[in-house]
Amino acid sequence: MFLAGSLIRFDREQYTWKSDSSQLLRRGQLRLGSNLFHVGILGIFGGHFVGLLTPAAVFHAIGISRTAKQTLAIVAAASSD
């Protein structure tokens, strides 16, 4: 539905597509917030990447138990809220 609606809107009203929020960045008021938001998103993606794709044997080899790994994941997720 989102894709179909977007295509129909783009076809009918091409010139109404604009980003008013980017005008706020020109004034510098949201520059810090935008940068912190993007750093946070990259941190979340990186954490998921490492947590999901790293074999359990690697964590065991560096001395991190499954319980510690799960606790760390829970604490990191709770702190990002």
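**Legends to close-up views of a predicted model**

**View 1. Overall chain.** Of the 81 residues of the protein chain, 2% count as buried (under 20% relative accessible area, with exposed over 50% and partly exposed in between; 1.4 Å probe, protein chains only). This is a predicted model, in which local features need pLDDT of at least 70, side-chain atom pairs count only at pLDDT 80 or more, and totals for chains, interfaces and linings use all residues. Residues are numbered from 1 along each chain as its sequence is written, and side-chain values use heavy atoms, without hydrogens and water. The chain holds five helices and zero strands (DSSP runs of H or I, at least four residues, and of E, at least two, numbered from the N terminus). Its accessible surface is about 7,500 Å², 67% of which belongs to carbon and sulfur atoms (Shrake-Rupley method, 1.4 Å probe).

**View 2. Helix α5.** The number of buried residues among the 14 of α5 is zero, so the helix lies largely in the open. Its end C-alpha atoms are 20 Å apart, in agreement with the 20 Å that 14 residues should span at 1.5 Å a residue (1.5 Å times one less than the number of residues).

**View 3. The largest pocket.** The largest pocket contains about 530 Å³ of space (an open set of points on a 1 Å grid over the protein atoms alone, where a 1.4 Å probe fits, with protein on both sides within 12 Å along at least five of seven lines; lining residues have an atom within 4 Å of a point). The volume is the space filled by probe spheres set on the points, which are joined across faces, edges and corners. Of its 18 lining residues, G47, H48, L72, A73 and A76 are the closest to the centre. The elements giving two or more residues to this lining are α3 (31-53) and α5 (66-79).
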